[in-house]
Amino acid sequence: MAFVGGVVLLAFVVALCLCATGAEPQLEVGFYSYSCPAAELLVKEEVEKALQDDPGVGADLLRMHFHDCFVRGCDGSILLNSTKGNTAEKDAQINTDLEGFDVIDTIKEKLEAACKGVVSCADILAFASRDSIVHYGGVPYKVPSGRRDGRVSIAADTSILPSPKLGLSELTKLFISKGLSQNDMITLSGAHTVGIAHCDAFSNRLYNGDATLDQNYAAYLKTQCPPGSNNTVSMDPKTPRKFDNLYYRLILKNQALFTSDQTLVSTQGTATQVRRLAESYKRFQKKFADAIVKMGAIEVLTGSEGEIRADCKVVN
């Protein structure tokens, strides 16, 4: 009888500890192994189809995942449409040039047909981001899943997203506020090795005499971005659709586009980190995979929180 009582008491203590620590269900690799075994494969297939039609859309999906996670956590809120009384995140100024929302919607339709009400939009975005990186030559990595979808999306909340004109101190504080380190920030900035940038994001460097921008490169950029224009240029002019570490070599040559990129070498410590990533493709790939998985866990909704949207554009 005492033994049974001890077991009961132990169970009570364990339950009490879980409540006291606020323990919640965590993300896990293979979350859909039983509920929707083909989920990740289906996402990959649709991402590949989309990249065949638009080779640059993978960079948008990667950026979309980042913007989603930094605003209200990785809850798919960036995917929600605006309503009559509310402007959603996707329609905020910083996101107006994002493409790929239709790709996520197509994937969701396929998954709903295969496994109705099972796979969240937030997880779809995390998977699609990974598959885009792999398509561009990045090393495959496992994506923990089990995120649930948020019900709130407000354009004004995107004010937290980093501007391309931020300096090292501001960037570091922002990333730390999201549970990421300065090293994580430097590593995740490597996503700028793919994709394009609008001239207005860096034209201040061209026409205000920025001494940290290589003058020959600046002269070339001026031909692509005459005053008043808002054309686009590749973030990485040499390998714009290859997920490599050339981005860091460009920074070391003072050939980064954004102030927020070039600022990564503004201290001895951060410059050392940039050099290490520039020297080793393998190191960059490993550190990037670790950092984006860590980012993908920012303020996630799990368990009974949020919902599993039937349509990524609207709440249930």
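Helix α2 (residues 39-53) has 15 residues, which at 1.5 Å a residue should span 21 Å, and its end C-alpha atoms lie 22 Å apart, in agreement with that value. The expected span is 1.5 Å times one less than the number of residues. Helices here are DSSP runs (H or I, at least four residues), numbered from the N terminus.

This is a predicted model, in which local features need pLDDT of at least 70 and side-chain atom pairs count only at pLDDT 80 or more, while totals for chains, interfaces and linings use all residues. Residues are numbered from 1 along each chain as its sequence is written, and side-chain values use heavy atoms, with hydrogens and water left out.

The buried residues of α2 are A39, L42, V43, E46, V47, A50 and L51. Seen down the helix axis, these buried residues fall within an arc of 170°, so they line one face of α2. The arc is taken from the directions from the helix axis to the C-beta atoms. Buried means under 20% relative accessible area, exposed over 50%, and partly exposed in between (1.4 Å probe, protein chains only). L41 and Q52 are exposed on the other side of α2. The cover over the buried residues of α2 includes α3, α4 (101-114) and α5 (121-135), where contact means heavy atoms within 4.5 Å.

In helix α6 (residues 168-177), the buried residues are L168, L171, T172, L174 and F175. They cover an arc of only 165° around the axis, which puts them on the same side of α6. The face turned away from that buried side carries the exposed residues K173, I176 and S177. Among the elements covering the buried residues of α6 are α3 (57-70), α7 (182-188), α11 (259-262) and α12 (268-279). G179 follows α6 and has a positive phi, near 85°.

H67 lies in helix α3 and is buried, with a relative accessible area of 7%. Not counting residues up to four places away in sequence, H67 touches I78, I94, N95, L98 and L161.

R72 and E299 each have a positive phi although neither is a glycine.

Terms used: Helix = DSSP H or I, 4+ residues; strand = E, 2+ residues; numbered from the N terminus.
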